[in-house]
Amino acid sequence: LPMTLHRSRWRQLARQGAQYRPQPLRELPSRTRYALLLAHLADLRQERVDLTLAMFDQLFVELLRRLKLAHSAALAATAQTVEDQLGVLVAAGAAFLRATEQGLDPVATVFKAVPEATLRATISAAVNQNRAAPRDHLDLLAEAFKHQLAPLLAVPRVVPLEPVQLRTPALKAFDHIAAIAA
């Protein structure tokens, strides 16, 4: 087919090629048959690539949504404990500052405001608390799906098209995973 063939004519040939069954298609002249098949297969390829990219985008949007929820739930689970520990430490700090301002014994003032056992337990719990580095949902994605990295990173090699939208959530996540894997 000539390269100057108008896109609407190309689509028309593709639609015609999609409607034929193998036997009637075989009976057409070879030039017509090949033109219909070429247009149909090229259109079918483009449709499959578009569907693959849409499915990839939906998959990542769903993964990111789930990971954001998991991240929020993990933060909410430890928020009350951290808030309680912060309250004890603020009370001890305020008592210490009050003692220095008023010239009182700092140790006695702190232990009067917060019992020594409570302060020791709070400091011990805060020191021993397993705190991960600040993370967002993209970091969780890389850890949660390590076994799926290779297939996900193969998608751009399998699908040879450049995206029209450059900053979709799926592409942001994919760029992040590719950077970690590199």
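Which residues is Thr 109 in contact with, leaving aside its neighbours within four places in sequence?

**Entry 1: Thr 109.** I worked from a predicted model. I located Thr 109 in helix H4, which spans residues 106-113. Leaving aside neighbours within four places in sequence, I found Thr 109 in contact with Ala 95, Arg 98, Ala 99 and Leu 104. I noted Thr 109 as buried, because its relative accessibility is 10%.

**Entry 2: salt bridges.** I looked up the salt bridges and found three in the structure. In one of them, Asp 43 pairs with Arg 11, and the closest N and O atoms are 2.3 Å apart. This pair links distant parts of the chain, 32 residues apart: Asp 43 belongs to helix H3 (residues 30-102) and Arg 11 to helix H1 (residues 7-19). I recorded Arg 11 as partly exposed, at 30% relative accessibility.

Glu 47 forms a salt bridge with Arg 48, with 3.2 Å between the closest N and O atoms. Glu 47 is partly exposed at 37% relative accessibility, and Arg 48 is partly exposed at 44%.

Glu 116 forms a salt bridge with Arg 120, at 3.0 Å between the closest N and O atoms. The two are four residues apart in helix H5, so about one helical turn separates them. I noted Glu 116 as partly exposed at 34% relative accessibility, whereas Arg 120 is exposed at 56%.

**Entry 3: surface patch.** I found a nonpolar surface patch formed by Leu 89, Ile 123 and Val 127, with about 260 Å² of accessible area together. Ile 123 lies in helix H5 (residues 116-128) and is partly exposed, at 42% relative accessibility.

**Entry 4: rings.** I counted zero aromatic pairs. Arg 33, however, lies over the face of Tyr 34, 5.3 Å from the ring centre.

Terms used:
Residues numbered from 1 in each chain as written. Predicted model: local features only at pLDDT ≥ 70, side-chain atom pairs only at ≥ 80, totals over all residues. Heavy atoms only, no water. Phe/Tyr/Trp six-rings, centres within 6.5 Å; stacked < 30°, edge-to-face > 60°. Lys NZ or Arg CZ within 6 Å of the ring centre and 35° of its normal. Patch = residues over 30% accessible without salt bridge, like charges linked within 9 Å, V, L, I, M, F, W, Y side chains within 5 Å. Areas by Shrake-Rupley, 256 points an atom, 1.4 Å probe, with all protein chains shown as cover. Salt bridge = Lys/Arg side-chain N within 4 Å of Asp/Glu carboxyl O. Buried < 20%, exposed > 50% of the residue type's maximum accessible area, 1.4 Å probe, protein only. Contact = heavy atoms within 4.5 Å.
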